[in-house]
Amino acid sequence: MHTLLVGLALLVAANTGSELAKNDSGGKAAQKKDGGKKGTPAADPNVAASKAHGGKVWILTGSPPSVEGEELVKWLSGHAPAAEVTKKANEERWPINFLAVFKKPPAKGPLTIEFMDKKEPGTLVDQYSTETPAGALVYQEPYDLDTNNGFNKNHTYVIKVGQIIKKKFVNYASGEVTLK
């Protein structure tokens with residue numbers, strides 16, 4: 001048992017060391033490269049999309065766009081954020097992809113996605129958290145709106161994407177989806 005734990009510790013240390021070397025985080029080499037100053041993060045290509053469309057969530061029934069920057073701004077401008085989604089007769093779910101555009105980058109940590117029924121304001125139908133890449137202005141993810149989780153036909157739901165900070169939900173973007 002002791003040998004197994006030592007082997008596991010060595011494996012974790014080896015993997016962590018290679019990740020630190022790959023990221024060049026904090027060592028003497030990083031200080032020499034930038035004169036001892038912290039490196040500046042790469043600019044987010046979606047700053048223009050954030051300025052034009054920040055605070056909105058697009059609901060898609062197909063694949064989300066695989067473009068960034070000005071191409072994403074054009075795509076967002078040509079599509080309405082709200083959507084009607086029709087489920088197949090033999091299914092108990094409405095599969096969607098959502099694309100959230102934030103006005104400012106989220107804090108490090110998990111994003112929280114909330115769904116509320118417009119017919120019952122303040123009633124949370126579903127909520128889940130997911131990890132997010134730190135600092136991204138655009139977030140997209142697939143999700144199933146399932147009848148077994150409280151989603152109903154002919155209801156409109158508000159989707160909010162944000163974070164729980166100091167035990168309060170902070171909303172970064174919101175949109176609507178109507179289920180048919």
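In this predicted model, the elements of the protein follow the order α-α-α-β-α-β-β-β-β-β-β-β from the N terminus on, which amounts to 4 helices and 8 strands. Of the contacts in the protein with a separation of 6 or more, 66% are accounted for by residues 24 or more positions apart. Of the 180 residues, 34% count as buried, and the accessible surface comes to about 11,300 Å², with 55% of this area belonging to carbon and sulfur atoms.

In soluble globular proteins, nonpolar side chains tend to be buried together. In the present model, the largest nonpolar core holds 24 residues, of which Ile 59, Phe 98 and Leu 145 touch the most other members. Two or more residues of this core are given by each of strand 1 (56-60), strand 2 (83-85), strand 3, strand 4, strand 6, strand 7 and strand 8. When residues up to four places away in sequence are not counted, the residues touched by Phe 98 include Val 57, Trp 58 and Ile 59, together with Ile 113, Tyr 128, Tyr 139, Tyr 143, Ile 159 and Val 161; Gln 140 and Glu 141 are also among the residues that Phe 98 touches. A second, separate core consists of 10 residues, among them Ala 49, Leu 72, Val 73 and Val 101.

Aromatic side chains form 6 pairs in the structure. In one of these, the ring centres of Phe 102 and Tyr 172 lie 5.7 Å apart with the planes at 65°, and because an angle over 60 degrees counts as edge-to-face, the pair is assigned to that class. Phe 102 is located in the loop between strand 3 (93-101) and strand 4 (111-117), whereas Tyr 172 belongs to strand 8 (residues 168-179), so that the pair links distant parts of the chain, 70 residues apart. Phe 102 and Tyr 172 are both buried.

An edge-to-face arrangement is also found for the aromatic pair of Phe 115 and Phe 151, with 5.4 Å from centre to centre and 85° between the planes. Since Phe 115 lies in strand 4 and Phe 151 in the loop between strand 6 (138-146) and strand 7 (156-165), this pair ties together parts that are 36 residues apart in sequence.

Methods. Residues numbered from 1 in each chain as written. Predicted model: local features only at pLDDT ≥ 70, side-chain atom pairs only at ≥ 80, totals over all residues. Heavy atoms only, no water. Phe/Tyr/Trp six-rings, centres within 6.5 Å; stacked < 30°, edge-to-face > 60°. Buried < 20%, exposed > 50% of the residue type's maximum accessible area, 1.4 Å probe, protein only. Contact = heavy atoms within 4.5 Å. Areas by Shrake-Rupley, 256 points an atom, 1.4 Å probe, with all protein chains shown as cover. Core = buried A, V, L, I, M, F, W, Y, C linked by side-chain atoms within 4.5 Å.
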